[in-house]
Amino acid sequence: MSLQFIGVDPESGQTGSPTAWVDEQTRDIVLQSYMADEATRAECIEKNAPGHDKTIPEGETVIRIPAHMVSILREACDAAERAAVR
């Protein structure tokens, strides 16, 4: 695995830093961010995709990405797409 750093939440200071990377081999977007609280997790379960179990599967979680990081996520998506063209 080789991660390409894309960006970090510019408002987070030196700790608690939501961050985005792209795996250069798989082109997956890798995110570190805040764990969603129980109320958010419960609503995600309640409003799950039609036909899916109303659960968060083992090995998955719900995270929150700050809205002001949208441009960093776009950059990660663009980097993943560029990697696919190589």
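Predicted model: local features only at pLDDT ≥ 70, side-chain atom pairs only at ≥ 80, totals over all residues.

Me: OK, which helices and strands does the chain have, and in what pattern along the sequence?
Reply: You'll find two helices and five strands. Going along the sequence, the pattern reads β-β-β-β-α-β-α.

Me: And what box do the C-alpha atoms fill?
Reply: Roughly 40 × 35 × 20 Å, taken along the principal axes.

Me: How much of the chain is buried?
Reply: Buried residues account for 26% of the 86 residues. The chain exposes about 6300 Å², and carbon and sulfur atoms supply 51% of that area.

Me: What about charges, how many positive and negative side chains are there?
Reply: There are 8 positive and 15 negative ones, and the centres of the two sets lie 4 Å apart.

Me: Switching topic: how many disulfides are there?
Reply: The count is zero.

Me: Now Ser 12. Where is it?
Reply: Ser 12 sits in the loop between β1 (3–8) and β2 (19–23).

Me: Is Ser 12 buried or exposed, and why do you call it that?
Reply: Ser 12 counts as buried because its relative accessible area is 14%, and the cut-off for buried is under 20%.

Me: Which residues does Ser 12 touch?
Reply: Leaving aside residues up to four places away in sequence, Ser 12 touches Ser 17, Pro 18 and Tyr 34. With Ser 17 there is a side chain to side chain polar contact of 3.4 Å. The side chain of Ser 12 also reaches the backbone oxygen of Asp 9, at 2.9 Å.

Me: Last one, Ala 49. Where does that go?
Reply: Ala 49 is in the loop between α1 (38–46) and β5 (63–64). Ala 49 is partly exposed, with a relative accessible area of 34%.

Me: And how far apart are Ala 49 and Val 70?
Reply: They're 21 residues apart in sequence and 23 Å apart in space, C-alpha to C-alpha.

Note on methods. Residues numbered from 1 in each chain as written. Heavy atoms only, no water. Helix = DSSP H or I, 4+ residues; strand = E, 2+ residues; numbered from the N terminus. Buried < 20%, exposed > 50% of the residue type's maximum accessible area, 1.4 Å probe, protein only. Areas by Shrake-Rupley, 256 points an atom, 1.4 Å probe, with all protein chains shown as cover. Lys, Arg positive; Asp, Glu negative; His and termini not counted. Charge placed at Lys NZ, Arg CZ, Asp CG, Glu CD. Disulfide = S-S within 2.5 Å. Polar contact = N/O pair within 3.5 Å; in protein donor to acceptor, adjacent residues only side chain to side chain. Contact = heavy atoms within 4.5 Å.
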